[in-house]
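The sequence and the coordinates are shown below.

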Amino acid sequence: MTLVAGGLVAVHAHPDDESLATGALLASWAASGGPVTLVTCTRGERGEVIGAGLAHLEGDGPALAAHREAELEAALAALGVPDHVFLDEVGPPAGARYEDSGMAWLAAGRAGSADDVPAGAFVAVPLDEAAARLAHVLRSRRPDVVVTYEPAGGYGHPDHVRAHQVTMRALELAVLPDAGLPAAPAPVVLWAAQRAGALRAARHALDGSGVRIALGAARDGLTLPAPGDGLPSVAVPDEAVDLLVDVLPVRDRVLAALRAHATQVHAVRPIDGVGDLVGCYALSNDVLAPVLPTEDYRVVAGSGAAVVWPTGVRPVA
């Protein structure tokens with residue numbers, strides 16, 4: 001592949017995170033013809049597995065990792081993203097393997113560290129080692145925009161938190177030349193967000209007839225978010241959002257990418273005629289979740305005015 005400077009680099013912890021958190025941004029950027037790269041930090045070896053047909057993969061780290069690599073390849077094809085790297089395959093030291101660190105649920109929508117963190121867990125990798133690998137990617141791709149999680153990782157998963165830390169440190173390192181590559185220009189940095197008001201409205205809309213009709217028999221066994229459930233850390237006050245990505249123009253690509261991650265995501269449906277959401281899905285907890293009409297982002301470094309955003313990606317006035 002011939003790499004072109006500029007464009008977008010997205011950094012995520014596991015296969016499926018790219019589609020769940022930034023699918024519309026990735027698909028919109030790819031549809032514009034601009035360069036877009038996904039960096040995935042682990043292969044999701046410790047993920048829970050949905051469905052009896054794939055249940056044998058749960059607990060078998062190498063087998064699940066290989067399967068999720070194939071799911072990720074299919075999801076990126078759906079999104080139109082041509083350039084992907086696993087973080088542990090970039091630069092020295094050779095032979096590293098960054099493993100899924102696992103997690104434990106602390107409360108509804110809030111995760112924390114697992115009791116049994118494996119020796120090769122991503123959270124145990126020295127920060128500067130992982131960041132140096134990512135800095136190499138940033139120097140070679142020279143992106144205009146870098147996107148990752150906010151400091152709490154969206155909902156607290158330790159690997160998401162570490163991906164945020166690694167990204168922010170890599171941005172510091174990348175502006176210095178190293179290993180024969182010139183320093184990268186400082187990009188615009190985005191953190192994935194969701195407007196709290198929009199998320200509450202979309203959760204409420206999940207109980208509507210349009211969603212029940214779209215799901216049909218698949219609605220059996222799924223639950224709705226509990227009214228008392230707090231919002232995840234990705235949710236921010238509506239006025240804190242700086243950038244909106246329209247989902248409808250790329251919805252088919254995003255939903256196809258979600259379906260590709262069949263070990264992790266199910267009940268994926270488009271929803272039409274409901275203003276507060278445009279789709280739905282569920283994870284292994286079988287709690288129905290909305291696909292909102294927009295993906296939301298905060299600009300935390302650089303000026304969004306300096307970027308030529310693809311169609312459907314619009315700064316908040």
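## Strands, rings and a cavity

In this predicted model, strand β2 (residues 36-40) and strand β3 (residues 83-86) run parallel and are joined by four bridges. Thr-40 has Phe-86 as its bridge partner in β3. Together with helix α2 (residues 61-79), β2 and β3 make a β-α-β unit that is right-handed.

Phe-86 also takes part in a contact with a charged side chain: Arg-43 lies over the face of the Phe-86 ring, at 4.2 Å from the ring centre.

The count of aromatic pairs comes to three. One of them is formed by Tyr-98 and Phe-122; this pair is tilted, with 5.9 Å centre to centre and 35° between the planes. Tyr-98 lies in the loop between β3 and β4 (104-107), and Phe-122 in the loop between β5 (110-112) and α3 (127-141), so the pair ties together parts that are 24 residues apart in sequence. Both residues, Tyr-98 and Phe-122, are buried.

| Contact | Distance |
|---|---|
| Arg-43 over the face of Phe-86 | 4.2 Å from the ring centre |

Which residues line the largest cavity? The structure holds one cavity of 30 Å³ or more, and the volume of the largest cavity is about 40 Å³. Its lining consists of Leu-138, Pro-143, Leu-171, Ala-174, Val-175, Ala-184, Pro-185, Ala-186 and Pro-187.

Key:
Residues are numbered from 1 along each chain as its sequence is written. This is a predicted model: local features need pLDDT of at least 70, side-chain atom pairs count only at pLDDT 80 or more; totals for chains, interfaces and linings use all residues. Side-chain values use heavy atoms; hydrogens and water are left out. Two strands pair if DSSP finds at least two bridges between them. Helices (H or I, at least four residues) and strands (E, at least two) are DSSP runs, numbered from the N terminus. A crossover is right-handed if, with the strands pointing away from the viewer, the path from the first strand over the helix to the second runs clockwise. Rings of Phe, Tyr and Trp (its six-membered ring) pair if their centres lie within 6.5 Å; planes under 30 degrees apart count as stacked, over 60 as edge-to-face and the rest as tilted. Buried means under 20% relative accessible area, exposed over 50%, partly exposed in between (1.4 Å probe, protein chains only). A charge sits over a ring if NZ of Lys or CZ of Arg is within 6 Å of the ring centre and within 35 degrees of the ring normal. On a 1 Å grid over the protein atoms alone, a cavity is a set of points where a 1.4 Å probe fits but cannot get out, and a pocket is an open set with protein on both sides within 12 Å along at least five of seven lines; lining residues have an atom within 4 Å of a point. Grid points are joined across faces, edges and corners, and a volume is the space filled by probe spheres set on the points.
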